[in-house]
Amino acid sequence: MPANPKYLTKSKGQRFAKITAAILGGYLVSISFHLALASWFDRANIMITMAFSGFILWVALMIVAFLAKNGWKIWLIYLGLSLFFLGLLFLGQNYNPITN
Amino acid sequence: MNNRNYNIFFHTHTVSGIVISVILFVIFFAGSFSFFKDDITNWERGETAPISKQINLNYDEALKVLDSTYDLHGRKITLSQPYNVNNVAAYLEASKDSLASKKGKEGQFLYLNNSTYKTSTYVESYNLGEFIYRLHFLAQIPYPVGYYLSGFIALFFLFAIVTGVLLHWKKIVSSFYVFRPKEKLKTWWTDAHTSLGMLGLPFQFVYAVTGAFFMIKLLMVAPSVQFLYQGDQEKLYKELEYRSDDFPIENKELTKAFSINEMVAATKKNWKDFNISRVEIQNYGDANMHVQVEGEIDYGKKFTGIGKIVYKVATDEVVFKKDPLAQSSYLESVKNILYRIHFGDYGGYGLKIISFILGILSCFVIISGVMIWLVARDKKNMPEKKRRFNEGVVRYYLAICLSMFPVTAFTFIVAKLWYPLGQDNMYAVYFISWLLLSLFFVFKKNNSFTNRFCLLSGSILGFLIPIANGIKTGNWFWITFSNHQFQMCFVDVFWIILSAISLYASFKLKTISKLKKTN
């Protein structure tokens with residue numbers, strides 16, 4: 001028996017928002033989160049951890065986006081989180097600049 | 001779990017699964033055979049090679065031969081043994097010497113036979129093992145399309161795995177033990193899909209994550225380079241220890257005689273169970289020539305035990321030394337483990353065979369998922385047009401997926417009888433027979449016929465593989481067995497067992513379908 005359509009998103013706009021938030025938004029949050037961590041903590045270790053945790057977090061965020069009630073709201077949350085992590089990244093880079 | 005979440009997991013699992021299914025099947029099927037890539041290569045060539053990561057080479061002789069044809073002066077030369085075959089990969093970078101000859105300014109990638117020192121290009125040494133291995137990440141589709149496609153398939157496979165687990169979370173233990181073969185077809189497929197899916201879950205999770213990493217790591221690397229390393233990619237690779245230190249060329253002739261063999265032997269002597277896997281020579285023949293000898297401890301002794309010594313040739317000085325027995329860093333371990341757990345090459349043939357079985361089992365999980373999708377939608381209340389469309393989708397899917405088995409067996413035979421087949425012919429044999437057989441099944445419009453025909457024809461062709469090998473080369477598997485030519489013997493015996501199992505299955509299928517008819 002296929003999933004009960006009663007619980008699925010019917011509006012095309014909402015569907016578009018959820019799918020893009022899942023794939024693009026999830027990617028932005030996952031990357032910015034790891035980069036922010038890398039700018040503050042052991043950079044090499046975080047970078048190599050990202051080789052697997054980057055994809056796992058991305059997929060987890062995809063699922064969260066599909067569970068959301070409102071696709072645009074989850075986009076807003078993901079964008080906000082990405083900007084927040086980017087802010088942390090730039091702060092981190094100023095405090096711990098990369099030296100050769 | 002509330003009903004809403006359950007249905008969302010259900011729907012996203014279904015949609016992502018059905019979209020990736022065919023390509024994922026191709027990846028898993030070819031990938032399962034790729035565990036035996038080196039055996040297949042050796043079998044095709046009729047050779048036996050030591051099963052070890054260690055480079056087997058008289059370096060001094062080999063370099064002399066390379067020098068006469070490619071003028072090594074001032075070059076960086078990397079020698080490694082990526083596969084258990086009778087040749088070594090040699091990467092010759094263009095000479096750093098501004099006065100180098102025309103030959104010396106051309107970079108080269110070659111395979112070098114480790115006893116005859118005969119060199120061959122990548123295309124010249126293309127073989128069946130390489131073909132199947134590359135098919136497994138769709139490398140035959142021009143770069144970067146094939147790589148990205150397979151990478152994203154792996155990513156959405158991870159998505160399907162996680163939503164699948166969430167979907168079954170509540171009944172995860174109980175449904176694992178449920179199998180109701182006598183119930184209706186839908187329950188049969190569902191039970192098989194859930195319990196075998198659970199069984200393969202850790203395996204599939206690992207392959208999904210590492211597969212995504214191999215193929216689309218650029219999606220992680222590019223933003224890191226851009227935002228964290230100010231656009232300097234080298235900095236990232238240096239920090240992750242993917243690059244060794246560069247030594248500048250002095251443009252002065254090296255006056256001292258040297259022997260790479262001695263440096264390799266000296267390095268190997270340092271540690272017990274240490275195998276030399278990579279030798280990198282910088283500024284060949286220059287006063288600032290450096291030799292880096294790198295190796296690994298046996299996986300059975302230490303899982304991540306990478307060591308190296310860098311020598312400055314002019315002074316015989318050890319410039320750098322890394323002890324493989326010292327505690328490995330987190331960075332080193334992750335880098336090693338990401339590859340080892342995907343390649344399954346650390347536990348001998350036992351692990352490879354188990355991995356093969358789990359890989360084929362994953363193929364079955366994919367097919368059963370597609371079948372659930374079809375059977376669940378094959379209802380009276382569904383519009384006729386939609387039902388016909390669904391039926392068509394599954395017919396195409398099964399035709400493409402299942403025909404891989406006889407097509408692979410067929411290519412083994414052709415590759416043996418017309419050895420060396422070469423890259424272009426191999427593409428033609430595999431892809432054209434695949435296309436024709438798939439089209440035949442599509443027009444035949446009978447899924448159970450497709451299934452039985454593939455099992456039976458694959459099995460017959462599979463039995464013919466050792467016979468073709470025996471007739472063509474005289475290397476019958478009992479002869480190779482008594483000669484300890486393990487890899488050749490293995491491929492023959494492997495196909496016999498595989499064919500016997502699929503023959504048994506195809507007869508079983510016949511009796512089942514007969515029973516159903518009489519009922």
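Two strands are said to pair if DSSP finds at least two bridges between them, and helices (H or I, at least four residues) and strands (E, at least two) are DSSP runs numbered from the N terminus. In β8(B), by these terms, Lys321(B) is the bridge partner of Ile309(B).

The model is predicted, and local features need pLDDT of at least 70, side-chain atom pairs count only at pLDDT 80 or more, while totals for chains, interfaces and linings use all residues. Residues are numbered from 1 along each chain as its sequence is written, and chains are lettered from A and ligands numbered from 1 in the order in which they are written.

## The sheet of chain B

Chain B holds an open sheet of eight strands with antiparallel pairing, in the order β4-β3-β2-β1-β5-β6-β7-β8. At its edges stand β4 (119-120) and β8 (317-322) of chain B, each with a single partner strand, so one side of each is left without a neighbour in the sheet. Some of the pairings are listed here, each with one pair of residues that face each other.

| Strands of chain B | Bridges | Residue pair |
|---|---|---|
| β1 (residues 77-80) and β2 (residues 87-92) | four bridges | Thr78(B) opposite Tyr91(B) |
| β5 and β6 (residues 290-297) | eight bridges | Gln282(B) and His290(B) |
| β7 (residues 306-312) and β8 | five bridges | Ile309(B) and Lys321(B) |

The hairpin of β7(B) and β8(B) has four residues between the strands, and in this hairpin Asp316(B) takes a positive phi near 60°. A residue counts as buried if 20 or more other C-beta atoms lie within 10 Å of its own, as exposed if 12 or fewer do, and as partly exposed in between, with C-beta atoms placed from the backbone. By this count β8(B) is hardly covered, since the number of buried residues among its six residues is zero.

## Domains and helices of chain B

Chain B is divided into domain 1 (59-125 + 247-330) and domain 2 (378-519), with bounds that come from an automatic or database domain assignment. The centres of these two domains of chain B, taken over C-alpha atoms, are separated by 43 Å.

Helix α14 (residues 404-417) of chain B has 14 residues, which at 1.5 Å a residue should span 20 Å, and its end C-alpha atoms are 20 Å apart, which agrees; the expected span is 1.5 Å times one less than the number of residues. α14(B) is mostly covered, with 11 of its 14 residues buried, among them Met404(B), Phe405(B), Thr408(B), Phe412(B) and Lys416(B). The cover over these buried residues includes α1 (3-34), α2 (37-45), α4 (128-135), α13 (384-402), α15 (423-444) and α16 (447-473) of chain B, where two residues are in contact if their C-beta atoms, placed from the backbone, lie within 7 Å.

Asn336(B) is found in helix α11 (residues 330-343) of chain B and is partly exposed, with 18 other C-beta atoms within 10 Å. Between Asn336(B) and Thr408(B) there are 72 residues of separation in sequence and 31 Å in space, C-alpha to C-alpha.

## Nonpolar cores

A nonpolar core is a set of buried Ala, Val, Leu, Ile, Met, Phe, Trp, Tyr and Cys residues joined through C-beta atoms within 7 Å. The largest such core has 118 residues, of which Leu24(B), Phe25(B), Leu155(B), Phe157(B), Leu158(B) and Ala212(B) touch the most other members. To this core α1(B) gives the most, with 13 residues. Another core, of 30 residues, lies apart from it and has Val88(B), Leu110(B), Tyr111(B) and Val313(B) among its members. Leu155(B) touches residues of both chains, namely Phe55(A), Val59(A), Ala212(B) and Ile216(B), when residues up to four places away in sequence are not counted.

## Where the chains meet

The contact between the chains takes 29 residues from chain A and 34 residues from chain B. On the side of chain A that touches chain B, the elements giving two or more residues are α1 (12-40) and α2 (43-67) of chain A, and α2(A) gives the most, with 17 residues. The residues of this side divide into 23 nonpolar, five polar and one charged, where Ala, Val, Leu, Ile, Met, Phe, Trp, Tyr, Cys and Pro count as nonpolar, Asp, Glu, Lys and Arg as charged, and the others, Gly among them, as polar.

Helix α3 (residues 71-95) of chain A has 25 residues that at 1.5 Å a residue should span 36 Å, and its end C-alpha atoms are 36 Å apart, which agrees. In α3(A) the buried residues include Ile74(A), Tyr78(A), Phe85(A) and Leu89(A), and what covers the buried residues of α3(A) includes α1 and α2 of chain A together with α8 (218-228) of chain B.
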